[in-house]
Protein chains: 2
Amino acid sequence: MALSLAAPGGGSLTAPPEHEAPLRSLVRSVLGSEEASSFQELLPTLAQDVADVEEHLRASLRASYPFLAEAATYATDSGGKRVRPLLMAAAYRALGAPDTRLIQPLAAAFQLIHTATLVHDDVIDRADLRRGKPSVPRAFGITAAIVAGDYLFVRAFQLAARYSPEIILRCGEACAELAQGEMMQENSRYDLTFGRDRYVRIMVMKTASIVSAGVASCGMVAGAPREVVEGLEEYGKAVGVAFQIQDDLLDVYGDPDITGKPLFSDWREGLPTLLSLDAHAALDGRERTEFERLFLIRRKRPADLMRLKELTDRTDAHARSVQEADHLVRRALEALAPLPNGPYKSLLEQIANGVVTRRF
Amino acid sequence: MALSLAAPGGGSLTAPPEHEAPLRSLVRSVLGSEEASSFQELLPTLAQDVADVEEHLRASLRASYPFLAEAATYATDSGGKRVRPLLMAAAYRALGAPDTRLIQPLAAAFQLIHTATLVHDDVIDRADLRRGKPSVPRAFGITAAIVAGDYLFVRAFQLAARYSPEIILRCGEACAELAQGEMMQENSRYDLTFGRDRYVRIMVMKTASIVSAGVASCGMVAGAPREVVEGLEEYGKAVGVAFQIQDDLLDVYGDPDITGKPLFSDWREGLPTLLSLDAHAALDGRERTEFERLFLIRRKRPADLMRLKELTDRTDAHARSVQEADHLVRRALEALAPLPNGPYKSLLEQIANGVVTRRF
């Protein structure tokens, strides 16, 4: 309720304290609590930024037909940790902008696109849960989920309509990449011969493109020079892929009480990850055959999943994934070089570091 | 193949003759063959217009990931009779434009949106066939159909990105109405108490809004005065609803050899139409109870469907639907009053008349 009272475009000083708590815990969990304390003074400002984006998002969903707005709003409520709006606000402020008024509708658009794809993903994967709550298809039915996803896309593009054609096209291209990544991932199911490079391409398309387009667009709105926009683009891409690698690791090594997700969903759904591809490549003889056989089982029993983990742990696959993610973080940090130094740039750096150390 | 040779924005005089045949048959079937002959000299021009729109559409779908482009292109190939691009080209030319170069990407965008909703409709309705060919979900699977539909929406908005925010917003609003109409229709299934007015609102939202936005946008691109844009908007809305009423009538009274669709699909899917609502309202006593009982059966046998038709034919429901459609055609013709007289305005008038006399 408090969110609807916050005026869009409001100044940072008026941030009601109740916005800070969730953002503080988000920033703390991304950065680690020690690092978070050094960004304490940025929090009220960023909390207001994210709250303002939220208000644009909600305003755009109010529809004359309540059922559709209800499903769409429900979807955005379970649409994640708001890392994207936070990254966009931080990137835009890192370029010296005194407020985020000009990028708020754009950040809302990117968040809506992200949400739309989650809703359609849940239809495709027949997922019952999303962040511990019934998924949209589960709560409202398949039809409502498909249509509400379309509606979220449409509202996103309406929010983007006020920007330059260049920005709208970039936003659209990221969506197209996302769709292509989705198809590639679908075709990769139960396929261990898929190849590491192709899997990295899936991560770029499915996760990183939209993050990359989001932060790069902020550079464009700020009128930043080309090397800054390209730096942000590269930063978003590297952080996005690193985020996905960490997600894949948490699916096997995470604590469900912290992540809020059951373990081993990638294995259950037959999705190859870097971890699986590397484990499979490193194993040989009977163990490799066993890994393949278990991976291909359509309805895996708990014992199958535990054995897949055991086999994985006999290889250096975990270390290789961590190494790959660390490499991406270094690339993300290098990509920020053209940006002016300052507290928001430091925050972007810490977020990149935090992405691979997070446990949620 | 010939389509890809046609240069986008090419002049009307270069139209290869092979484009004319399908358009001539389209125009003939919409107008009736006698009326069509009086528009003979417009055909090569309009054939080229529609071919140019087609080329924009196809160019926008070429993706680096072939499977996605394949499903999307397959969808556009079975995406209908191209009535929308024809209406937009005719509307734009009726305002005095010497060529349709400026509205071709917009017409392609509207055609892509139409196609995207058909693909998602086929997922929702589990339809096996679309225009006599396997539907996209049938031919490529549910996942590909959902993702390809999203991709078609995205490409549509990218095509629309070059227009003014006002036009992009109108295009988006029509999509949002479409989504709302879809949800309302879904909620109306197996419900005869749904009400005539609400059903008309579904038709406006689901079918007419997008036609209306398409032709009105042409007026906006042409820089036409407000009353002309509003006239086109009203024309599109009236023609769209009349088109839907005729579609509903053909579902019961059409010739499947001509329409290419099996009869009685609305009854099979439990969708109330004007015809059903009026028949139900006009019947009484045991016949009304019987109509209700049959309408509510989830898997109707052929005998059930024939009996529904028999009961319908005992009422004036058919005549009332025809009357309603005729009334809408008159409204469409009146709405064209602010447009300058000329052959393309006459064509728009004839199309409005043809919509309710068509048998396909």
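In this predicted model, chain A can be laid on chain B with an RMSD of 0.0 Å by a turn of 180° and a shift of 0.0 Å along the axis, the copies being superposed by least squares on the C-alpha atoms of residues with pLDDT of at least 70 in both. That is the relation of a two-fold axis. The surface used is the same in both copies, as 100% of the contact residues of chain A recur in chain B. Residues are numbered from 1 along each chain as its sequence is written, while chains are lettered from A and ligands numbered from 1 in the order in which they are written. Local features need pLDDT of at least 70 and side-chain atom pairs count only at pLDDT 80 or more, whereas totals for chains, interfaces and linings use all residues.

Confidence comes next. The predictor gives the complex an ipTM of 0.87 and a pTM of 0.89. For chain A, the average pLDDT (the predictor's confidence in each residue, from 0 to 100) is 89, and 90% of the residues score at least 70. Helices here are DSSP runs of H or I with at least four residues, numbered from the N terminus. Over residues 1-17 of chain A, pLDDT stays under 50, and the model has 30 contacts beyond four places in sequence for them. Where pLDDT is low, the predicted coordinates should not be read in detail.

The contact between the chains takes 33 residues from chain A and 33 residues from chain B; two residues are in contact if their C-beta atoms, placed from the backbone, lie within 7 Å. On the chain A side, α5 (66-77), α7, α9 (142-160) and α10 (165-188) each supply at least two residues. The most comes from α10(A), with 13 residues. By class, this side of chain A divides into 22 nonpolar, six polar and five charged residues. In this grouping Ala, Val, Leu, Ile, Met, Phe, Trp, Tyr, Cys and Pro count as nonpolar, Asp, Glu, Lys and Arg as charged, and the others, Gly among them, as polar.

Within chain A, the domain assignment gives domain 1 (45-162) and domain 2 (165-360), with bounds that come from an automatic or database assignment. Their centres, taken over C-alpha atoms, are separated by 21 Å. In chain A, 24 residues of domain 1 are in contact with 27 residues of domain 2. On the side of domain 1 that touches domain 2, α6 (83-94) and α7 (104-124) of chain A are the elements that give two or more residues, and α6(A) gives the most, with eight. That side of domain 1 of chain A has 16 nonpolar, four polar and four charged residues.

A:A325 is buried, with 22 other C-beta atoms within 10 Å; the cut-offs are 20 or more for buried, 12 or fewer for exposed, and partly exposed in between. A:A325 lies 83 residues from A:A242 in sequence, yet 4.8 Å away in space, C-alpha to C-alpha. Not counting residues up to four places away in sequence, A:A325 touches A:A242, A:I245, A:Q246 and A:V356. In chain B, B:D247 has its place in helix α12 (residues 226-253) and counts as partly exposed, with 18 C-beta neighbours inside 10 Å.
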